[in-house]
Structures are given as C-alpha cells and as structure tokens.
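Here's a quick briefing for anyone opening this structure for the first time. Have a look at it, then go through the notes below.

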Amino acid sequence: MLFAFMMAGAGAPPAWPPPDRLPIVAELPDPFLKPDGTRIRARREWPAQRRRLLETILHYQYGPLPPKGAKVTGRVTDHREVGDLGSVRDIELSMGPRGVVKVRLMLAVPAGKGPFPVILDGDLGWDRLNDAFIRAVLGRGYILAAFNREQVGPDSAERKGVYEAWPNYDGGRLAAWAWGFHRTLDYLLTLPEVDGKRIAATGHSRGGKCALLAGATDERIAVTAPNNSGCGGAGNYRFHDDKCETLEAIVRRFPYWFHARFAGFMNNVQRLPFDQHTLKACVAPRALLTTEALGDLWANPRGTQQTHQAAREVYAWLGAPDRIGIHFRQGGHEHGLQDFETLLEFCDVQLFGRTVSRRFDALAFPDAERVWNWSAPARSPRSSGVPTASSGDL
Ligand code: GCU
C-alpha cells in the first residue's frame with residue numbers, strides 16, 4: 001500500500017521510512033490511495049490528497065523548495081523595441097533573503113493594451129531564445145518571460161545562489177529551480193501588463209523537469225508544459241526500454257538535481273511510493289501539456305505517454321479530461337519553434353477557449369501496455385464540482 005507506511009498518531013506528522021523499508025509496488029502506484037490505506041472517494045478530498053502526494057514526492061525525490069524569502073524586486077537594465085510587435089526589457093531580479101539572489105529576466109511584452117497571458121520559461125541561460133522565438137510569442141499576443149534558473153542555483157554541485165543564501169538548504173537543483181519559477185512569478189504579478197490568471201510555465205529537458213515541478217507545486221500556474229523532460233520529469237521511472245535514461249543513470253551523473261535521499265532508490269525503483277504520473281496528477285485540474293519528440297529515446301517517449309494516460313485518470317475523475325494533453329513530433333531532443341507553436345495553441349484552447357486544428361490527445365504508442373492496476377474510484381454520492389485552488393506554494 002502506497003501510504004500505509006505514513007500512518008502516525010492523529011495530528012502527528014507523517015513518518016517517513018527509509019527507501020529500503022518501503023513496500024514494493026511493481027506497477028505505477030495508485031494516486032487515490034490515502035495514508036490509512038483507503039482511497040479518496042469525493043472530489044473535495046483531492047486538494048488534501050494532492051498535498052500529501054506532493055509532500056511524499058518532495059521528501060523522497062527533489063527535497064523541499066527554499067523558503068519564500070523577501071519580496072522580489074526588479075530593476076530594468078536595458079530596453080529595446082522588436083519592430084512594431086512589442087518591446088524587450090532586461091531586468092535584474094532580486095530574490096531570497098535581503099534580495100541577495102540576483103537573477104536575469106528577459107521580458108518581451110506585445111505592443112498594445114494588455115493585460116497579456118504569459119509564457120514563463122527558466123532556460124534563459126542557454127541563450128537559445130533568440131528573436132525568432134520572441135517574435136513567435138509576441139505575434140500571438142503573449143508575453144515571453146524568460147529567467148536564468150542557473151543563477152538561482154548553479155547546474156553543478158557548487159553551492160551558490162539559494163545555497164549560499166540559505167547554507168542549510170538541502171533541496172536539489174530541480175526544487176531550487178522550481179522556486180525560481182515561483183519567485184519570478186511573484187514579480188510578474190506586480191506588473192500591470194501581466195494577466196495573472198493566464199500564466200504558462202515551460203522549459204526544456206532539465207528545464208522541463210523543474211517546470212513540471214513548479215507547476216505541480218503552485219496553483220497560480222494555469223498551464224504547465226514540460227518539453228522533452230524525460231527522467232525526473234514527465235517520463236516514468238519504472239517502465240522504459242534500453243535506450244532510455246534510468247533512475248540509476250540520472251542519479252549517478254546528476255546527484256545534485258535531487259535530494260540526497262533519492263539515491264536510496266537506485267536499483268530499488270519499485271520501492272518508490274509514486275512515479276511521475278503522480279507528479280503530473282498534482283497539476284490537476286489545471287492544464288498540463290507534455291511535448292515529446294519521437295526520436296528522443298533517452299527521454300522515454302513511450303513511458304511519458306504512460307504517465308500521461310495514468311494521470312489522465314485523475315483528470316477525468318476530477319471532471320477535466322481535456323485539460324491534460326500530450327503532443328509528439330518527429331525529430332530529436334530540442335525545444336524548437338514548433339514546440340512553442342504547439343504550446344501557444346494549447347494555451348489558446350485552455351486559456352481562451354479558442355478552436356485550433358492541432359490535437360492534444362493523439363497517442364504515438366497506441367499499443368503501450370496499461371502499467372497500472374487501479375482505476376478511478378467510484379465517486380461518493382455527495383461528490384460535486386471540480387475543486388478550486390487551495391494550497392499555493394509548497
Ligand atoms: C542529460 C540528462 C537528461 C537531461 C538532459 C538535458 O541528457 O541525462 O536527464 O534532460 O541532459 O537537460 O538536456
């Protein structure tokens with residue numbers, strides 16, 4: 001039983017056994033199971049269940065997100081026009097205690113009267129978001145806000161950024177970078193140009209892993225969109241073929257992306273009390289789009305479809321089956337213009353109710369096995385409506 005190990009006295013915090021004392025679960029664990037071994041039955045129980053699932057995922061996999069810190073402020077350092085499409089501001093954000101964590105934000109805002117929906121991306125440090133991307137996003141009436149997550153925490157074992165600001169902080173980089181999304185959003189929400197109800201978070205690969213975590217842990221994010229995020233992101237740990245990255249491979253090469261505890265699941269994956277469909281389900285009922293490339297086998301496209309299908313059971317049970325989408329394109333590992341186009345169309349549908357021709361429910365592996373042995377619970381008679389936002393940041 002997924003949660004039976006957490007049982008504790010009434011009101012006591014959950015007990016967390018070490019990985020090798022957790023039960024073996026061969027298939028994708030049941031996201032409806034509660035700590036007492038029973039299952040939730042009513043939609044109104046979902047917010048509490050989501051919180052328990054997130055606590056478990058953070059404890060064993062990513063570690064906690066840093067504390068909120070001081071109010072985030074921004075200082076404009078440069079400004080330029082992009083033809084008549086809009087303008088770009090370079091901004092230095094100050095986050096963390098006394099604003100000591102300095103993070104660069106590129107903010108491209110369409111011309112005309114806002115407020116505008118936002119595509120929030122953490123991959124500015126990769127220097128790939130050139131004018132073609134800026135034009136594509138502005139041209140469709142969206143803001144592109146891209147920050148450099150590597151200034152929140154370096155992509156190495158070095159303890160800079162939030163690790164210097166809070167020397168005892170023990171979360172991995174993915175948790176720190178997810179916090180970077182949340183803090184950048186704090187700042188964006190102070191701007192009159194920003195439509196705070198229409199925020200989409202995205203990122204590529206390791207940047208997609210943390211975008212998924214950011215969306216799962218912050219209900220201000222309306223659309224969560226990891227791209228080619230694979231292992232530790234939208235792929236699943238239990239089911240993959242020989243060409244895919246495994247839990248062992250990722251922890252060996254990138255231990256600092258995770259909490260130290262996660263190494264306890266190496267060669268022990270079936271003791272994970274969740275899998276990445278659980279993290280996807282924690283976005284529900286808000287919108288979630290996974291974009292995948294058929295040639296990016298390292299990122300486990302087939303296993304990513306399986307997490308999509310398993311998480312969709314939660315979405316359907318919550319009455320929101322069309323809020324979760326998946327899209328496969330030909331080609332390899334990249335976050336190209338066509339992936340941005342796919343996301344913008346998904347946002348048009350989810351945020352504005354527009355009609356587009358692209359489909360977000362086409363499966364690339366129609367023969368993929370059902371790798372979970374649970375189905376959504378029958379709802380109790382008193383169950384009603386889709387639950388609304390409840391818990392904010394974790
Ligand atoms: C490596 C790593 C992946 C990661 C990728 C990236 O290939 O193994 O997990 O997604 O780098 O971030 O580009």
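Helix H8 is mostly tucked away, with 13 of its 17 residues buried. Keep in mind as you read on that this is a predicted model.

**Helix H8**
- H8 covers residues 301-317, and at 1.5 Å a residue it should span 24 Å. Its end C-alpha atoms sit 25 Å apart, which agrees with that figure.
- After H8 comes Gly-319, and this glycine has a positive phi, near 85°.
- In the loop between E8 and H8 you'll find Asn-300. Asn-300 isn't a glycine, yet its phi is positive too, at about 60°.
- Asn-300 counts as buried because its relative accessibility is 4%, and the cut-off for buried is under 20%.

**Around the ligand**
- The residues surrounding the ligand are Ser-205, Arg-206, Lys-209, Glu-245, Ile-250, Arg-253, Phe-254, Trp-257, Trp-298 and His-333.
- Sorted by class, that shell has four nonpolar, two polar and four charged residues.
- Arg-206 puts a polar side-chain atom 2.5 Å from a ligand oxygen. Glu-245 does likewise at 2.6 Å, and His-333 at 3.2 Å.
- On its own the ligand has 320 Å² of accessible area, and the protein covers 85% of it.
- Two elements give two or more residues to the shell: H5 and helix H6 (247-253).

**Salt bridges**
- Side chains of opposite charge can pair when their charged atoms come close. Here the count comes to 25 salt bridges.
- One of them joins Arg-50 and Glu-219, whose closest N and O atoms are 3.1 Å apart. Arg-50 is in helix H1 (residues 46-62) and Glu-219 is in the loop between helix H5 (206-217) and strand E7 (223-227), so the pair ties together parts 169 residues apart in sequence.
- How buried are Arg-50 and Glu-219? Arg-50 counts as buried at 1% relative accessibility, and Glu-219 is buried as well, at 17%.
- Arg-206, from the ligand's surroundings, also meets Asp-155 in a salt bridge, at 2.7 Å from N to O. Asp-155 lies in the loop between strand E5 (143-147) and helix H3 (162-165) while Arg-206 belongs to helix H5, so this pair links parts that are 51 residues apart in sequence.
- Arg-206 is partly exposed, with a relative accessible area of 23%.
- Asp-361 and Arg-359 form another salt bridge, with their closest N and O atoms 2.9 Å apart. Asp-361 is partly exposed at 45%, whereas Arg-359 is exposed at 54%.
- There's also a network of salt bridges, linking Arg-140, Glu-341, Asp-348 and Arg-354.

- Gly-114 and Pro-115 are joined by a cis peptide bond, with omega at about -5°. Pro-115 sits in the loop between strand E3 (101-110) and strand E4 (116-121).
- The bond from Ala-284 to Pro-285 is cis as well, with omega near 5°. Look for Pro-285 in the loop between helix H7 (276-281) and strand E8 (287-293).
- Arg-98 is a non-glycine residue with a positive phi, near 55°. You'll find Arg-98 in the loop between strand E2 (86-95) and E3.
- Is Arg-98 buried or exposed? Arg-98 is exposed, with a relative accessible area of 72%.

Methods: Residues numbered from 1 in each chain as written. Predicted model: local features only at pLDDT ≥ 70, side-chain atom pairs only at ≥ 80, totals over all residues. Heavy atoms only, no water. Salt bridge = Lys/Arg side-chain N within 4 Å of Asp/Glu carboxyl O. Helix = DSSP H or I, 4+ residues; strand = E, 2+ residues; numbered from the N terminus. Buried < 20%, exposed > 50% of the residue type's maximum accessible area, 1.4 Å probe, protein only. Near = heavy atom within 4 Å. Polar contact = N/O pair within 3.5 Å; in protein donor to acceptor, adjacent residues only side chain to side chain. Areas by Shrake-Rupley, 256 points an atom, 1.4 Å probe, with all protein chains shown as cover. Nonpolar A, V, L, I, M, F, W, Y, C, P; charged D, E, K, R; others polar. Expected span 1.5 Å × (residues − 1).
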